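I opened my notebook to look up a few things in one protein model. My entries follow in the order I made them.

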Amino acid sequence: MEDKRAKLKDPFREDPINDVIAQNMKKRDEKRESQRERKRRQEERKQVAAANRKARGKIYMIVIVVVVVLAAMFSKSLVQIVQLKAEKEEAEIKLKLLEEHIERLEEEKARVTSDEYIEQQARQQLRMIYPGEVLYIMLDR
């Protein structure tokens with residue numbers, strides 16, 4: 001009997017309305033907790049995204065620096081290639097001129113070493129004559 005009286009004294013003990021209210025409060029608390037959890041996960045995602053953006057920014061900067069360095073090296077090499085081609089063309093022109101000069105000198109050497117040239121020079125410059133010839137010298141007046 002005392003149990004019945006205790007139940008009677010506690011009017012909220014088996015009240016279905018109180019049970020519904022308690023369940024609603026529990027659901028509301030669970031919903032709030034899930035909202036907090038969702039917000040916490042969103043904040044974590046935002047932090048991860050910010051960290052990823054920062055890391056991507058660093059990677060982009062590294063890539064840009066590497067590209068600039070490679071471009072500088074490539075342009076320097078390209079300038080050197082152009083300069084070397086110009087030097088090669090200049091050297092080829094000089095070589096052609098020297099070959100022509102060598103050819104002229106060889107022709108002159110062949111002419112100078114010929115017997116006719118030697119005889120001509122001996123007669124004109126040294127005034128030499130063959131035995132039996134008479135040398136006439138004209139004086140300029």
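**Entry 1: a charged patch.** I noted how patches are defined: their residues have over 30% relative accessible area and no salt bridge, with like charges joined within 9 Å and nonpolar side chains (Val, Leu, Ile, Met, Phe, Trp, Tyr) within 5 Å. I then picked E100, which lies in helix α2. E100 counts as partly exposed because its relative accessibility is 36%. The cut-offs are under 20% relative accessible area for buried, over 50% for exposed, and partly exposed in between (1.4 Å probe, protein chains only).

**Entry 2: what I am looking at.** The model is predicted: local features need pLDDT of at least 70, side-chain atom pairs count only at pLDDT 80 or more, and totals for chains, interfaces and linings use all residues. Residues are numbered from 1 along each chain as its sequence is written, and side-chain values use heavy atoms, with hydrogens and water left out. I looked up pLDDT too: it is the predictor's confidence in each residue, from 0 to 100. The protein has a mean pLDDT of 87, and 89% of its residues reach 70 or more. Among the elements, α2 has the highest mean pLDDT (92), and helix α1 (residues 2-9) has the lowest (50).

**Entry 3: the layout.** I found 3 helices and 0 strands. The order from the N terminus is α-α-α. Helices (H or I, at least four residues) and strands (E, at least two) are DSSP runs, numbered from the N terminus. Helix α2 covers residues 16-112. How many of the 141 residues count as buried? I read off 1%. The protein exposes about 14100 Å², and carbon and sulfur atoms supply 59% of that. Such areas come from the Shrake-Rupley method with a 1.4 Å probe; for residues, only the protein chains shown count as cover.

**Entry 4: a nonpolar patch.** I59, Y60, M61, V63, I64, V67 and V68 make a nonpolar surface patch of about 700 Å². I checked V68, which lies in helix α2. Is V68 buried or exposed? V68 counts as exposed, because its relative accessibility is 53%.

**Entry 5: salt bridges.** A search of the whole structure gave me 8 salt bridges. Each one is a side-chain nitrogen of Lys or Arg within 4 Å of a carboxyl oxygen of Asp or Glu. I followed some of them through helix α2.

- R40 meets E37 in a salt bridge at 2.0 Å, N to O. The two are 3 residues apart in helix α2, about one turn.
- R41 also bridges to E37, at 3.7 Å, N to O. R41 and E37 are about one helical turn apart because 4 residues separate them in helix α2.
- E44 pairs with R40, and their closest N and O atoms are 2.4 Å apart. E44 and R40 lie 4 residues apart in helix α2, about one turn.

Together, E37, R40, R41 and E44 are linked in a network of salt bridges. I checked accessibility next. R40 is partly exposed at 38%. E37 is partly exposed at 26%. R41 is partly exposed at 37%. E44 is partly exposed, with a relative accessible area of 37%.

**Entry 6: a backbone angle.** Last, I looked at R127. R127 has a positive phi of about 55 degrees, although it is not a glycine. R127 sits in the segment after α3 (115-124).
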